[in-house]
Amino acid sequence: MERKTKLKAEEGRQDIVITREFDLPLELLFRAYSEAEIVEQWMTTKVLKLDNRAHGGWQFETKDPQGNVVFRANGTIHEFTPEKRITRTFEMENTGFPVQLEFLDFEALSDDTSKLTMQIVYRSAEDRNRMLKLPFAAGMNKAHDRLQEVVNALK
Amino acid sequence: MNLRRDVFQAIADPTRRAILLLVASHAMTAGAIAANFDTARPTVSKHLQILTECELLEQEQQGREIYYHLNPNKMKEIADFLEPFRNLWDDRFNKLESIMKKYKTKK
């Protein structure tokens with residue numbers, strides 16, 4: 001079954017909404033967000049900190065094969081309600097992009113399927129567009145593909 | 001001022017979006033476009049200049065008149081710019097889904 005990820009970015013607004021339906025029970029979808037070792041696998045990043053609770057925080061870091069840090073981000077957890085909602089901030093370090101606010105809503109569609117709705121609020125509509133254009137400008141998908149090749153070669 | 005116009009800044013303005021909608025169906029002169037707005041003619045001219053500079057509009061000389069029409073390639077570029085970002089998340093979520101299928105629910 002193909003379940004496509006949808007992205008809504010209305011003009012003139014400073015937020016985006018990403019929705020995705022999963023062929024997974026709600027419990028497993030939520031575990032993919034709550035357990036550090038699982039987050040590391042699907043986000044392909046190292047989890048330095050994941051303190052999932054109100055007033056908690058997180059920090060992720062990605063290094064290239066030479067050991068240089070290519071990505072580091074952190075944030076504060078404002079709400080952590082299991083199998084329901086995570087509210088957190090997201091800030092990429094050393095990039096000049098302002099912090100953004102993320103609302104992640106988890107819901108069960110059936111016993112075996114679930115849905116994630118992720119609303120990201122940016123400081124301004126301009127900041128939103130700059131951020132959205134980042135993978136477009138940097139060819140992030142290509143970089144992601146290359147990373148995948150590297151990982152596959154190690155197996 | 002010699003700023004390179006940002007196409008996303010251009011479409012953030014409601015009047016400029018209205019202009020794009022107007023000329024979407026057929027090419028129009030500056031006068032015909034301005035007749036649709038209460039704003040002063042020079043203001044509309046400024047909007048047309050910005051839209052032309054960022055290549056969303058193209059000018060075409062027909063006799064003594066200049067007609068403005070939409071540049072469909074540039075419009076497509078805007079629609080496409082979201083795609084890499086959506087793909088990025090689609091890849092991550094596909095991965096999440098395949099990883100989590102190996103786990104069993106505790107319930």
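The questions and answers below concern a predicted model with chains A and B.

Student: In what order do the elements of chain A run from the N terminus on?
Tutor: Chain A of this predicted model has four helices and eight strands. Buried residues make up 16% of its 155 residues. From the N terminus on, the elements run β-β-α-α-β-β-β-β-β-β-α-α.

Student: Among contacts in chain A between residues at least 6 apart in sequence, what percentage joins residues at least 24 apart?
Tutor: The contacts counted here are those in chain A between residues at least 6 apart in sequence. Of these, the share that joins residues at least 24 apart is 34%.

Student: Which element of chain B gives the most to the side that touches chain A?
Tutor: The contact takes 31 residues from chain A and 27 residues from chain B. On the chain B side, α1 and α6 (83–100) each supply at least two residues. By class, that side has 14 nonpolar, three polar and 10 charged residues. The element that gives the most, with 15 residues, is α6(B).

Student: In what order do the three strands of the open sheet in chain B stand?
Tutor: The pairing in this sheet is antiparallel. β1 (28–29) and β2 of chain B each have a single partner strand and stand at the edges, so one side of each is left without a neighbour in the sheet. The order is β1-β3-β2.

Student: Which residue in β3(B) is the bridge partner of B:Met28?
Tutor: Two bridges pair β1(B) with β3(B) in the antiparallel sense. B:Thr29 stands opposite B:Tyr67 in β3(B). The bridge partner of B:Met28 is B:Tyr68.

Student: How many bridges join β2(B) to β3(B)?
Tutor: These two strands form a hairpin with two residues between them, and B:Gly63 in the turn has a positive phi of about 65 degrees. B:Gln61 stands opposite B:Ile66 in β3(B). The strands run antiparallel, and the number of bridges that join them is six.

Student: At about what angle does α2(B) run to β3(B)?
Tutor: α2(B) lies across β1, β2 and β3 of chain B. Those strands are among the elements that cover the buried residues of α2(B), along with α1, α3 and α4 of chain B. The angle between α2(B) and β3(B) is about 100 degrees.

Student: Why do the buried residues of α2(B) count as lying on the same side of the helix?
Tutor: The buried residues of α2(B) are B:Arg16, B:Ile19 and B:Val23. Their directions around the axis put them on the same side of α2(B), because they cover an arc of only 55 degrees.

Student: Which exposed residues does the face of α2(B) turned away from its buried side carry?
Tutor: The buried side holds B:Arg16, B:Ile19 and B:Val23. The face turned away from that side carries the exposed residues B:Pro14, B:Leu21, B:Ala24 and B:Ser25.

Student: Is B:Ala18 buried or partly exposed?
Tutor: B:Ala18 is in helix α2 of chain B. Its C-alpha is 9.5 Å from that of B:Asn36, 18 residues away in sequence. A residue needs 20 or more C-beta neighbours within 10 Å to be buried. With 13 such neighbours inside 10 Å, B:Ala18 counts as partly exposed.

Student: How far apart are the end C-alpha atoms of helix α4 of chain B?
Tutor: The helix covers residues 41–53, which is 13 residues. At 1.5 Å a residue, it should span 18 Å. The model agrees with this, as the end C-alpha atoms are separated by 18 Å.

Student: What arc do the buried residues of α4(B) cover around the axis?
Tutor: The buried residues of α4(B) are B:Val44, B:His47, B:Leu48 and B:Leu51. They lie on the same side of α4(B), because the arc they cover is only 100 degrees.

Student: Which elements of chain B do the buried residues of α4(B) pack against?
Tutor: α4(B) is followed by B:Glu55, whose phi is positive, near 70 degrees. The buried residues of the helix pack against both helices and strands of chain B, namely α1 (7–10), α2 (14–25), α3 (30–34), β2 (57–62) and β3 (65–70).

Student: Is B:Leu51 buried or exposed?
Tutor: B:Leu51 lies in helix α4 of chain B. Leaving out residues up to four places away in sequence, B:Leu51 touches B:Ala10, B:Arg16, B:Ile19, B:Leu56 and B:Leu57. The C-alpha atoms of B:Leu51 and B:Leu70 are separated by 9.5 Å. Because B:Leu51 has 26 C-beta neighbours inside 10 Å, it counts as buried.

Definitions and conventions: Residues numbered from 1 in each chain as written. Chains lettered and ligands numbered in written order. Predicted model: local features only at pLDDT ≥ 70, side-chain atom pairs only at ≥ 80, totals over all residues. Expected span 1.5 Å × (residues − 1). Buried ≥ 20, exposed ≤ 12 C-beta atoms within 10 Å, placed from the backbone. Arc of directions from axis to C-beta. Contact = placed C-beta atoms within 7 Å. Pairing = 2+ DSSP bridges. Axes fitted to C-alpha atoms, helices over the stretch in contact; angles between N-to-C directions. Nonpolar A, V, L, I, M, F, W, Y, C, P; charged D, E, K, R; others polar.
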